[in-house]
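Hello,

Here is the structure I promised to pass on. Please open it first, then read my notes below.

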Amino acid sequence: SVEVELDASLITWIATCNYPWLIAPTLRSRMREFFIRMPDAEQAIRVAHAVVAAATRDAGVRMARAPDKAFVLALAHLSAREIYQFTGSAIAQAVRQGRGGVAITDLPAEVLRDDSGNEPLTHVH
């Protein structure tokens with residue numbers, strides 16, 4: 001559409017998907033597949049630490065105290081996207097209340113409950 005010549009032979013395409021079996025075999029056969037397993041508990045905690053740190057930095061507010069270990073562990077069972085979003089919401093909550101740091105109490109109740117919604121999550125980390 002912009003009438004520019006381009007040698008596309010060196011372009012590398014990267015695609016992601018959660019359900020590769022839903023991709024047409026004719027398209028899938030043109031790709032090299034890599035399967036990434038869910039992180040184990042230790043890896044999930046490391047991911048949570050990194051994502052909470054990034055979300056805290058990206059929030060653009062100075063916090064007197066960084067989120068503590070309990071806060072990070074409460075989020076470690078979630079996806080990176082969810083951890084980032086819940087951390088941002090918790091920071092906003094702490095700022096609205098005029099506190100210098102976030103706490104586990106700034107997280108919504110559904111984050112702290114098991115899948116049935118009944119019992120608070122307990123962590124053995």
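**What I found**

W13 counts as exposed, at 76% relative accessibility. W13 sits in the segment before α1 (25-28). Together with L6 and I11, W13 forms a nonpolar patch on the surface. The accessible area of that patch is about 430 Å². Please keep in mind that this is a predicted model.

**Overall layout**

The protein has 4 helices and 0 strands. Read along the sequence, the pattern is α-α-α-α. There are 125 residues in the protein, and buried residues make up 23% of them. The protein exposes about 10000 Å². Carbon and sulfur atoms supply 56% of that area. Now take the contacts with a separation of 6 or more: residues 24 or more positions apart account for 56% of them.

**The core**

In soluble globular proteins, nonpolar side chains tend to be buried together. Here the largest nonpolar core has 20 residues. Which of them touch the most other members? They are F71, L75, I83, V102 and L107. The elements giving two or more residues to this core are α2 (41-58), α3 (69-75) and α4.

V102 is worth a click. Leaving aside neighbours within four places in sequence, V102 is in contact with M63, R65, P67, F71, A90, I91 and A94.

Next, look at T87. T87 lies in helix α4, which covers residues 80-96. Is T87 buried or exposed? T87 has 0% relative accessibility, so it counts as buried; the cut-off for buried is under 20%. Again leaving aside neighbours within four places in sequence, T87 is in contact with V52, A55, T56, F71 and L75.

A80 counts as partly exposed, at 39% relative accessibility. A80 and A44 are 36 residues apart along the chain, and their C-alpha atoms are separated by 9.2 Å.

**The aromatic pair**

The structure holds 1 aromatic pair. Its rings belong to Y19 and W21; their centres are 5.4 Å apart and their planes are at 70°, so the pair is edge-to-face. Y19 is partly exposed, with a relative accessible area of 49%. W21 counts as exposed, at 59%.

**Salt bridges**

Side chains of opposite charge can pair when their charged atoms come close. How many salt bridges does a search of the whole structure find? It finds 4. Among them are these:

- E33 and R28: the closest N and O atoms are 2.3 Å apart. E33 is partly exposed at 34% relative accessibility, and R28 is partly exposed at 25%.
- E42 and R46: the N to O distance is 2.9 Å. These two are 4 residues apart in helix α2, so about one helical turn separates them. E42 counts as exposed, at 55% relative accessibility.
- R57 and D58: the N to O distance is 3.7 Å. R57 counts as exposed at 60% relative accessibility, while D58 counts as partly exposed at 45%.

**Where to start**

I would begin with T87, which is buried. Then go to W13, which is exposed. After that, turn to the edge-to-face pair of Y19 and W21.

Best wishes

Terms used: Residues numbered from 1 in each chain as written. Predicted model: local features only at pLDDT ≥ 70, side-chain atom pairs only at ≥ 80, totals over all residues. Heavy atoms only, no water. Phe/Tyr/Trp six-rings, centres within 6.5 Å; stacked < 30°, edge-to-face > 60°. Buried < 20%, exposed > 50% of the residue type's maximum accessible area, 1.4 Å probe, protein only. Contact = heavy atoms within 4.5 Å. Areas by Shrake-Rupley, 256 points an atom, 1.4 Å probe, with all protein chains shown as cover. Core = buried A, V, L, I, M, F, W, Y, C linked by side-chain atoms within 4.5 Å. Patch = residues over 30% accessible without salt bridge, like charges linked within 9 Å, V, L, I, M, F, W, Y side chains within 5 Å. Salt bridge = Lys/Arg side-chain N within 4 Å of Asp/Glu carboxyl O.
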